[in-house]
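Colleague: I am new to this structure and would like a close look at a single part.

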Amino acid sequence: MSSKKPAGPTPASNRRAQLRAAAEAEAKRARTRKIIVTALSVVVVAALVIGGLIWAQSRNTQGAGGSLPPNTTSAGNGIIVNPGKADGKPVVELFFDYQCPACGNLERQAGKYILDAAEQGDYQLIYRPMTFLDTNLRNDSSVRAANAAACYAEVGDYSAYHQAVFDNQPAQEGAGYTDDLLRNQLPTKLGTSGDKLTQFQQCYDTGRFKGFAQQTNTAAARDGVTGTPTIRVNGKDLDLKSVSAPDQFPAAVAKAAAGQ
């Protein structure tokens, strides 16, 4: 009578069991790696989204709550030249770029009349600087000049500095303004000295209002201004061809404000 061997693992079955165990272990490690990679991806994406939001928020904060010069409009899109002198009167907005030759011609020919009528309270005058010519001319003179004018609003007559910039506009478009002209010569010509000159130069050196200048440029573009100079009376473009002579500017504004 033959005897049976008791049932039990054979070398072959042991090998299969080892292979199966190894495969299960590898599959488990793969699942773990997948979970970790997925988790890290989510973290990275979340970090990028959060970073983007923080970056966007910082840009918005700089634009909306950065340094603003005196007499900035409530919308932050320009500077009121004659604050408190023409409340309730027509609003005249002058859009310009300090490198714009036509803007320079307008200021040199009609600037005095535009400003005099504003000082007399005929209308509220708002200067809305733009800086788009920096891109076209591949320099940064527009934003430096706008920053300088805004800095001067803290220590002196903003409109006087504004006109002084245009009076010294380079004959060749694109030549740009030197730092020496904007920082030293113009304030000196206007009689600024001592602590006020130091304050102005510190403001200029730090570019304190460059963000404001970029902000007003963006606001003007958003408001549909496509060229300079542009003058708006109560929100409507004034046809500069209707101004027969520089001293007729106030009359043209009055006519436009009356809807004629």
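Is threonine 228 buried or exposed, and what surrounds it?

Modeller: This is a predicted model, in which local features need pLDDT of at least 70 and side-chain atom pairs count only at pLDDT 80 or more, while totals for chains, interfaces and linings use all residues. Residues are numbered from 1 along each chain as its sequence is written, and side-chain values use heavy atoms, with hydrogens and water left out. Threonine 228 is buried, with a relative accessible area of 16%, where buried means under 20% relative accessible area (exposed is over 50%, partly exposed in between, with a 1.4 Å probe and protein chains only). Threonine 228 sits in the loop between α8 and β4 (230–233), helices being DSSP runs of H or I with at least four residues and strands runs of E with at least two, numbered from the N terminus. Leaving aside residues up to four places away in sequence, threonine 228 touches Phe95, Phe96, Asp97, Cys100, Ala102, Cys103, Met130 and Phe132, contact meaning heavy atoms within 4.5 Å. Just after α8, glycine 224 adopts a positive phi of about 90°.
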